[in-house]
Amino acid sequence: MTPRRTVADREDVLGALMLAPSLGYVILLVGVPFAFAILLSFSDATAGSLHFGWAGLRNYAAILGDPIFLRALKNSAIVTVGSQVLVVVLATAAAQVLRATFRGKRLARFVLLLPWAVPVSLAAIAWTWIFDSTFSVINWTLKATGLMHGWLYWLGDPTLALLAIIIVQAWRIFPFATVIVLAGLSSIPQEIVEAAIVDGAGFWRRLIQVELPLLMPVVAVAVLFGVVYTATDLGVVYILTGGGPANTTHVLPTLAFQRGILGADLGQGAAIAVFLLPFLIVVAVAMLRLARHTEVGAR
Amino acid sequence: MKRVALYAAALGFVLFAGFPFYWMLITAFKQNRDLYVGATDLSHIPWIFNDPPTLDHVKLLLGQTEFPRWVLNTLVVVVAVVVITVAVAVPAGYSLARLVGRWGERLGMGIFFTYLIPPTLLFVPFSRLISLLHLQDSLGALILIYPTMTIPFCTWLVMGFLRSVPWEIEEQAMIDGLSRLAVILKVAPRLIVPGILTVIVFTFTLVLQEFVYALTFISSVDKMTVSLGVPIALVRGDVYHWGALMAAALFTSIPLAIVYNAFMDRFIQGFTMGAVKG
Amino acid sequence: MAGIEIRNLRKHFGDLHAVDGVTLSIRDGEFLVLLGSSGSGKTTLLRMIAGLERPTSGEILIGDQRVDGDVPPRARGIAMVFQSYALYPHRTVFQNIAFPLEAARVPRKQIDEKVRWAAELFSITRYLDRYPRQLSGGERQRVALCRALVRDPKVFLLDEPLANLDAKLRNTARDDLKRFQRQIQTTTVYVTHDQVEAMGLGDRIVVMEHGKVRQVGTPQEVYEDPVDTFVATFVGQPPMNLLEARDPSLPPRTVVGFRPEHFLPNSVFGSADDTRTFRFAVRRVEYLGSDRYVYGSVVEPGAPPSDVTVIAKLPATIALSIPEGETHEFAVPRRALRYFDADTGLKRAP
């Protein structure tokens, strides 16, 4: 007697069952809140009560007319772009270094990874100490080496504070980008690089005309993740400056937090956070394109 | 010549990446009078121990602050979230890789993209949800919310991982007479172990690093996690106890760094969607 | 155009002696094949000539130029075709072929002329605007050859370039390659594990094993007069039959060898032929169209049954029926017999 096909054999049923909890979680606890966040931005809800009233575009009008919001929007862009440019430069260079063999390479790799490994908030508090207006070790070093004669009130000056934020973001993200670029470099077939050597291309020509183009998809992935991590980051700015001095270094996440959570104005908080979406949609689309591109492959 | 440039560059990067940690290390063990010297004083070198190192800050951290409690809280949350994530994401990843066919790939990607939705957008509706469930200011809020970050990415990780595991072994088991379900329960686990390991490690690191949700949902000092408590609550009055603060930062960073180093390749595979071999 | 001198070349990877003391003289304009299985050192040797690996010791001279030191590949006057062709996937065929010329800072107009000339030679002009991924394996190989050609190299180095082609394509590709080399007369060093390819292409063959050269000679020399049992069994398909000689007239510990095509039914030979006969217990006959392969073992009177498989290769022109399971009288012409020492494997005089 041949065994009958039971439920235990039905791949589609098993598949659905095994997928269901994950799908359910994602839909209920991500999808719904996401939709709800958008909805909230059109409401006048506050954290205090369960009241939910329709407010139309009032929240958006309010923030668009608010110079602090506009400044936060600008800051988000500046910090994201500034830090990612730095990251790309640092990561490409660091990947070249880590590709070579040299003594102490394992140790170097370990140290290089530390900024990425440490929790954001702890790194931020360490940097706060480093930038401290009285005890800053950076100031001491700059003064001791004769590179600076005045004094840098890092976290007290709007421009310097923004620069400090960019430095910290670049610092914590470039190890991650380095490892990705490194992996990309090692995925370039050895024979193609050797062919370029035999063809007579020197180090720079090889790098620019052969390796970098082949690295493009990988670098793009690193940049995309970097953009997401920087644009949506709250910890660094919150701990370093709290958005100050005088609301000059707010970025969208911190402002959303201040208005929406601390200020209990859920409607406005949601509206501010919604402005992050354009960043993220661009990223999602770009990643989709990249995924398709790398699947088809440029081999 | 090229060799010299290489070492110089390597040194530069290592210094840039590492000096904050060295600074953490020094601060944690420096006596206060060696620590709190204005940086305008050029005669005092802050980079070295001018007075012998001390364990005072560490003792303060472990004995007079809530730090041990935060470690405990963090561990509780980690274990709970790891269990939930493994239980939910591993079967889902398996399903998407083996059972669901072509639209499984699209669905998997869709799930992955929810990972990109930032906490700073979702915390607004979440705060309402948490208060509705009376979970505010509790670890339960974190245990409920953290999987929203880990499940999408880990499902994708397992799915990508399984694509590189040849499925002949499972096929062979089916030919040998096991039902599909039996294959899943008996044969597959051994194959997925490395993937499960990566899921556990990723979840562990994510919980340890998470700050935004903790900041949003937790307000009592004794309920905080390490990532939240250290920067926010290690303040007495208006005074930052930098020594203790840096000691805490150091103790938390080291295990994470070790773990990250060991698992970096796997993570990269996950991030680059397997397009690049780690 | 240049010959290559290799003197006592060694390459050690830790304990592994990939190339273990190779001395070779490659003549200007010859097509030399390095033949061996994987791990024989043939590719490592090629890469050392190219400059992609540094020798542990020994000398290499290309033309009169000593190159084993730090001379980079681009200064050696060589061009290389890799097994995977290594075409730049993000550049068109034209740009691929032009790349070495750009690296040498050749003026734009000359590059254009040169590329088109090379493409014409290999009949790929119509592909110049395409990308590698749009081409078939054979087409990609021709692009790789073009790219090597435009450098006007003194030496061509080819690393198993036909390995990735379909079997059917390989024959015509082999023919094209050889004709091309005869035409441009550039010294060529060609690496392969396929002995049919080696025999078909090489002016001379270098049989390598475990990093050492076993034999250097024309295909005919290597086939008909193998210097040891390794070469005897490596070259030739099916391999040479080797048997423990039970002939009291021969020194002890002698192995006698004969090729399958010389092992024929006794009735094929005339009474005047000087042959050595064998009793051949036939196990199985394979009909392969142009030949029949007969598998069995040799029966020696007074000796235990042998488990060594002996193969006979009968051309279709010999229509005799050879029933399986029976013992037949077979013979080998004495001049086709080869003798080897059983312990060292080296050839012995009869």
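**The sheet in chain C**

Tutor: Chain C holds an open sheet of six strands, with mixed pairing and the order β6-β7-β8-β3-β9-β10. Strands (E, at least two residues) and helices (H or I, at least four) are DSSP runs, numbered from the N terminus. Two strands pair if DSSP finds at least two bridges between them. This is a predicted model: local features need pLDDT of at least 70, side-chain atom pairs count only at pLDDT 80 or more, and totals for chains, interfaces and linings use all residues. Residues are numbered from 1 along each chain as its sequence is written, while chains are lettered from A and ligands numbered from 1 in the order in which they are written.

Student: Why is one side of β6 and of β10 in chain C left without a neighbour in the sheet?

Tutor: β6 (78-81) and β10 (212-217) of chain C are edge strands, so each has a single partner strand.

Student: How do β3 and β8 of chain C run?

Tutor: Strands of a sheet pair through backbone hydrogen bonds, either parallel or antiparallel. Here, β3 (residues 31-35) and β8 (residues 187-192) of chain C run parallel, joined by five bridges. Phe31(C) stands opposite Thr188(C) in β8(C).

Student: Now the contact between chains A and C. How many residues does each chain give?

Tutor: Residues are in contact if their C-beta atoms, placed from the backbone, lie within 7 Å. Chain A gives 16 residues and chain C gives 18.

Student: Which element gives the most on the side of chain A?

Tutor: α8(A) does, with six residues.

Technical notes: Two residues are in contact if their C-beta atoms, placed from the backbone, lie within 7 Å.
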